[in-house]
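Visitor: I'd like to learn how to read aromatic rings and their surroundings in a model. Can you walk me through one?

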Amino acid sequence: QVQLVESGGGLVQAGGSLRLSCAASGSIFRGFDMVWYRQAPGKQRELVARITISGSTYYVTAVKGRFTISRDNAKNTVYLQMNSLKPEDTGVYYCNTVSPLGVSPIQNWGQGTQVTVSS
C-alpha cells in the first residue's frame, strides 16, 4: 500500500498561482500513472489531471492551459502547478495512483490539501 501526502494548498486571490505536491511512499510509485482529483464543497470528487509513467499528460477541459501536472520519479513526488486560479477551483485536492491501463484510483485517499480561491 502506498501512502500519499499532499501539501502546498492555501488561500489565494483569483488570478494567482499555487503549486501542489504529493509525496508517495514506496518504490511502486514508478509503476503507476498519477492523478490529481479535487472535491468542491457539496460536490463529488472529480479528476483534474493525469500523468503517465512516461510523462504523457491529460487535463480536464476546465483546467487545460492553466494547470500543469509533472512527476519526479527519483523523489516519488507528483506536482500540480496551478496558474490563473479561479474561485471555481476551490476545493480539497488529492493525489492517487492509477494502473496504466485503468481508470480508477487505487490507493486509500490521503487527507488532501485545501485550495481556496477568493474572488
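Visitor: Let's start with a single residue. Is Tyr-94 buried or exposed?

Guide: Keep in mind that this is a predicted model. Tyr-94 has a relative accessible area of 9%. The cut-off for buried is under 20%, so Tyr-94 is buried.

Visitor: And how do I read a pair of rings?

Guide: A pair of aromatic rings is described by the distance of the centres and the angle of the planes. In this model the count comes to 2 aromatic pairs. Take Tyr-37 and Trp-109: their centres are 5.3 Å apart, with 70° between the planes, and the pair is edge-to-face.

Visitor: Where do Tyr-37 and Trp-109 lie?

Guide: Tyr-37 is in strand E4 (residues 33-39), while Trp-109 is in the loop between E9 and E10. The pair therefore ties together parts that are 72 residues apart in sequence.

Visitor: Which of these two counts as buried, and which as partly exposed?

Guide: Tyr-37 counts as buried, because its relative accessibility is 12%. Trp-109 has 31%, so that one counts as partly exposed.

Visitor: What about Tyr-94 and Trp-109: what kind of pair do they form?

Guide: An edge-to-face one, at 5.7 Å centre to centre and 70° between the planes. Tyr-94 sits in strand E9 and Trp-109 in the loop between E9 and E10, so here the parts tied together are 15 residues apart in sequence.

Visitor: Which residue lies over the face of Tyr-94?

Guide: That's Arg-45, at 4.1 Å from the ring centre of Tyr-94. Arg-45 also lies over the face of Trp-109, at 4.2 Å from that ring centre.

Visitor: Back to the loop for a moment. Where is Gln-107, and is Gln-107 buried or exposed?

Guide: Gln-107 is found in the loop between strand E9 (91-98) and strand E10 (113-118). With a relative accessible area of 7%, Gln-107 is buried.

Visitor: What does the side chain of Gln-107 make a polar contact with?

Guide: With the side chain of Thr-97, at 2.9 Å. The C-alpha atoms of Gln-107 and Leu-4 are 8.2 Å apart, though 103 residues separate the two along the chain.

Key
Residues are numbered from 1 along each chain as its sequence is written. This is a predicted model: local features need pLDDT of at least 70, side-chain atom pairs count only at pLDDT 80 or more; totals for chains, interfaces and linings use all residues. Side-chain values use heavy atoms; hydrogens and water are left out. Helices (H or I, at least four residues) and strands (E, at least two) are DSSP runs, numbered from the N terminus. Buried means under 20% relative accessible area, exposed over 50%, partly exposed in between (1.4 Å probe, protein chains only). A polar contact is a pair of N or O atoms within 3.5 Å; within protein, one must be able to donate a hydrogen and the other to accept it, and residues adjacent in sequence count only if both atoms are side-chain atoms. Rings of Phe, Tyr and Trp (its six-membered ring) pair if their centres lie within 6.5 Å; planes under 30 degrees apart count as stacked, over 60 as edge-to-face and the rest as tilted. A charge sits over a ring if NZ of Lys or CZ of Arg is within 6 Å of the ring centre and within 35 degrees of the ring normal.
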